[in-house]
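Dear colleague,

Please find below the structure that I am handing over to you. My findings follow directly after it.

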Amino acid sequence: QVQLVESGGGLVQPGGSLRLSCAASGFTFSIWDMAWYRQAPGKQREFVASITTTRGRTNYAESVKGRFTISRDNAKNTVSLQMNNLKPDDTAVYYCRRGNGDYWGQGTQVTVSS
């Protein structure tokens, strides 16, 4: 069955970096657009970044442009999110999403705090 498993979250100080990974299985990863979303406490889930299939075109939320980079490795069935210069407002549970949202991962917590 389709599985998306996120990893790499944790506690980091403002200005620090984290790299999230999403391991996909149970489907042909290379033909699906993938995305990262996040949900902060008391807020709605919001778009962070997306990446298309073979051409790997990327799109970012304005709040993370220039700080986050999404990438994918179709040979390893993974999509990653490199997060640099993290801010307290980036604190959230980060989710991996397949396509238009038929499958989601369980999420990984990112906390940015001094």
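Read along the sequence, the protein chain follows the pattern β-β-β-β-β-β-β-β-β-β-β, with strands (E, at least two residues) taken as DSSP runs numbered from the N terminus. The radius of gyration, taken over C-alpha atoms, is 13 Å, close to the 13 Å that the globule rule gives for 114 residues, so the chain is as compact as a globular protein of that length; the rule is 2.2 Å times the number of residues to the power 0.38.

Please note that this is a predicted model, in which local features need pLDDT of at least 70 and side-chain atom pairs count only at pLDDT 80 or more, while totals for chains, interfaces and linings use all residues. Residues are numbered from 1 along each chain as its sequence is written, and side-chain values use heavy atoms, without hydrogens and water.

Leu18, Leu20, Cys22 and Ala24 point to one face and are buried (under 20% relative accessible area, 1.4 Å probe, protein chains only).

Over the whole chain, 43% of the 114 residues count as buried. The C-alpha trace spans about 40 × 25 × 25 Å along its principal axes.

With kind regards

How values were computed: Buried < 20%, exposed > 50% of the residue type's maximum accessible area, 1.4 Å probe, protein only. Helix = DSSP H or I, 4+ residues; strand = E, 2+ residues; numbered from the N terminus.
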